[in-house]
Amino acid sequence: MNDPVPTTCMRCAVGCGHLTGRVDSGYGIDGVRGDVAHPTNRGLACARGIDETQNPDGEWLTRPYVRAGGELRRTTWDVALSRVVDEFRDVLERDRDGLAVLGSGQQTNEAAYALGKLARGGFGTRHYDANTTLCMASAVTAYDDAFGSDAPPPTYDDIEGATTHVVWGANPAVAHPVLFRWIVESATEDGSRLIVVDPVETQTAAEGDRHVAPEPGTDLALARAVLARVVERDEVDGAFVERATTGFDALRAELPDPAEAAATAGVPLAAVDALADALRDPTLVYWGMGVNQSAQGTATAGALIDLCLATGNMGPGSGPFSLTGQANSMGTRVCSSKGSWPGMRAFEDPDERRTIAEAWYVPVERLPDDAGPGPVGIAEAIDDGPVEAVWAVATNPAAGLPDASAARERLRDAFLVVQDAFHTDTTELADVVLPAATWGESDGTAMNMERQVSRVRPASELAPAVRTDLDIVASVGEALVPGLFPATEPEAVFDEFAALTAGTDADCSGISYDRLREERAVRWPAPSAKSEGGYRYRDDGDWSFRTPSGRARFSTGTHAEVPEPVDESYPLTLTTGREPDGYNTGIRSRDGDADSPVGARVNPDTVAAVNDGRASADEAEIEPDETARLSSRRGSIRVRVTADAAVPTGTVWLPIHRAETNELTLSATDPRSNEPNYKQCAVALAPVADEVGAEEPNRTKPTADD
């Protein structure tokens, strides 16, 4: 490896340090390996992170494009940016909320901060969000409800100290392999255990000591059954509850009968007892998209936090630990002014708003009054509200939003600017495409799921017509809001952001590029050049939460039916999950099979039941490993059926990263977090011979012509 550059893997939120090699000449990367000097992973790395860094399979964007005559045609940066600035200016003159901005957990902290500063302080739009709302918003809201602040209390250091590991609605064996290795190593110690809660017998469940399989959409009922059983057996940590919490009596009054709640969740009471038993020991409760991506995601995440609070599982080696997906989802939450101002300053607090306005030298009345409706609401505002233009940065809403056909039609109706490193489903619809730098080409920082800030460094020069996200954002900002960016170099932007966090819950003011050069990674809060955060909310054995009372707050959510129950026409439940290449809508990992039908995993008994019903009507049957038609009330797609006993009967499993999957999902969202209910909707399975319906609207890819 030539002259290796220490950097951070940007595939997932574990935040592994990489050493990336430079090529002798030209552009590209020559070798990637784990960095033994990085405090997060100490040399460990997963194959997908290495492969997607060095050899991404996506179609690279190397020139700007502007749509003309119905086609995307190559152009110059001057022409592309002029078109963007002219259109944005016209929209903003009519209504500042007419311009929507969609960011990403794939941006560096510096780019995310600059984009949020421009969207909120420059444009003043409330229609700004990031795709992190599609995966982490429910966990964020639940943390804020319970602790008065975002982010999990534990860190990776607590994994080794835990006796019980409960993984709920997550599959880290696939999604976070390095993290999962630490969990398994701890769980295999004498007296330790791994319990997995998931409707599907995932790869993680296969490694566990016990698998609890609730009915899809019943996680909240199961969590409440466990807590009710803990209360019934008088195993609440009364001393901790009395000393450090509030609201337990109100919660206890709302708890269901354990046996009835277990029946609702479709699990035996013995499974509830096993979970309650496990909580007697120091326990880490991890959760992921199976909890968050639900119309009851916030309530369910809150119920998992309640389990930790009620049993005293707060402190080293225990606690609630949401598993973040996107590499810089945490950074987007802390830096980008999406749901809170930089440093997690409360969005609607008048004092915080004045602080931000003064720091940015903008009038306070320019800042929007609320954080906006989330990505689904933004797309709907193209139909029902003021949105006329959309700027999508390092995100793929045409594939990633639920009810994707409707989302694409809305995006077609807007003036759409797409800023990305690769061709995506969304670039096909764009009016302007801006080619941006990707991993190994960008300079900045990122934050992993345990609050570690680390450097992202370029190992390759940029191709001649490619620019960094930060450069593009600053150029658009200077044209539309002159003077908003007094400095645009990554280090200067980071310093501006870090200074703005001083004294906040997410204090990064003691972190600098010089410090990161020496230490590789630093966990916030870090208010001085020598300090670093550890387990949150606990100091010398005393508890101090960021709530008005200083106590953690219990929640009172109760189970409700899924937004779209099955019926006679759509008798099966769709659920989704990640495959090994399933990050970021698969843009970096698509291969020769990308155009083949999406793989649908279905229990053999489900296939047999569907076929039995058809046989009585003398109709064609579904054959395993053959193409079939999967339909919901929103769309219909071809799938290749794989018989898989790991999937429960009555359920169809699809990979979350395939765009076709979201042709079927519904746009119902959690009312608190605005996160969509991706995990359960009603579907029907039929042979391809039965298919009827319109063809997919034609999509126009960039042409090689001028």
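**Note on a predicted model: salt bridges, domains and cavities**

1. The structure holds 42 salt bridges. It is a predicted model, and the points below should be read with that in mind. Side chains of opposite charge can pair when their charged atoms come close.

2. Glu388 forms a salt bridge with Arg94, and their closest N and O atoms are 2.9 Å apart. Where do Glu388 and Arg94 sit in the chain? Glu388 belongs to the loop between helix H18 (374-384) and strand E14 (389-393), while Arg94 is in helix H2 (residues 77-94). The two residues are 294 residues apart, and the pair links distant parts of the chain.

3. The domain assignment divides the protein chain into domain 1 (5-54), domain 2 (65-131 + 327-482), domain 3 (135-322) and domain 4 (572-687). Note that domain 2 is written as two stretches, 65-131 and 327-482. When looking for domain 2 in the structure, both stretches have to be selected.

4. For domain 2 and domain 3, the C-alpha centres lie 35 Å apart. Nine residues from domain 2 and 15 residues from domain 3 take part in the contact. The two domains bury about 970 Å² between them, and 56% of this area is on carbon and sulfur atoms.

5. Between domain 2 and domain 3 the count is one salt bridge. Asp150 and Arg333 form a salt bridge, with the closest N and O atoms 2.8 Å apart.

6. The model has nine cavities of 30 Å³ or more. The largest cavity contains about 120 Å³ of space. Its lining is made of 16 residues, and the closest to the centre are Gly217, Ser294, Gln296, Thr300 and Gln680. Helix H9 (219-232) and helix H14 (289-292) are the elements that give two or more residues to this lining. By class, the lining of the largest cavity has six nonpolar, eight polar and two charged residues.

7. The second largest cavity has a volume of about 100 Å³. There are 14 lining residues, and Cys9, Cys12, Val14, Cys16 and Cys46 lie nearest the centre. Two or more residues of the lining come from each of helix H1 (47-54) and helix H7 (177-187). The lining of the second largest cavity divides into nine nonpolar, four polar and one charged residues.

8. Why does the second largest cavity lie between domain 1 and domain 3? Domain 1 (5-54) and domain 3 (135-322) both give residues to its lining, so the cavity lies between them.

9. Two details of the backbone remain. The peptide bond from Trp524 to Pro525 is cis, with omega near 5°. Pro525 is found in the loop between strand E19 (521-523) and strand E20 (538-539).

10. Asp234 is placed in the loop between H9 and helix H10 (238-244). Helix H9 is also one of the elements that line the largest cavity.

How values were computed:
Residues numbered from 1 in each chain as written. Predicted model: local features only at pLDDT ≥ 70, side-chain atom pairs only at ≥ 80, totals over all residues. Heavy atoms only, no water. 1 Å grid on protein atoms, 1.4 Å probe; cavity = no way out; pocket = protein on both sides within 12 Å on 5 of 7 lines; lining within 4 Å. Points joined across faces, edges and corners; volume = space filled by probe spheres on them. Helix = DSSP H or I, 4+ residues; strand = E, 2+ residues; numbered from the N terminus. Nonpolar A, V, L, I, M, F, W, Y, C, P; charged D, E, K, R; others polar. Domains from an automatic or database assignment. Contact = heavy atoms within 4.5 Å. Buried area = accessible area lost by both parts, 1.4 Å probe. Salt bridge = Lys/Arg side-chain N within 4 Å of Asp/Glu carboxyl O.
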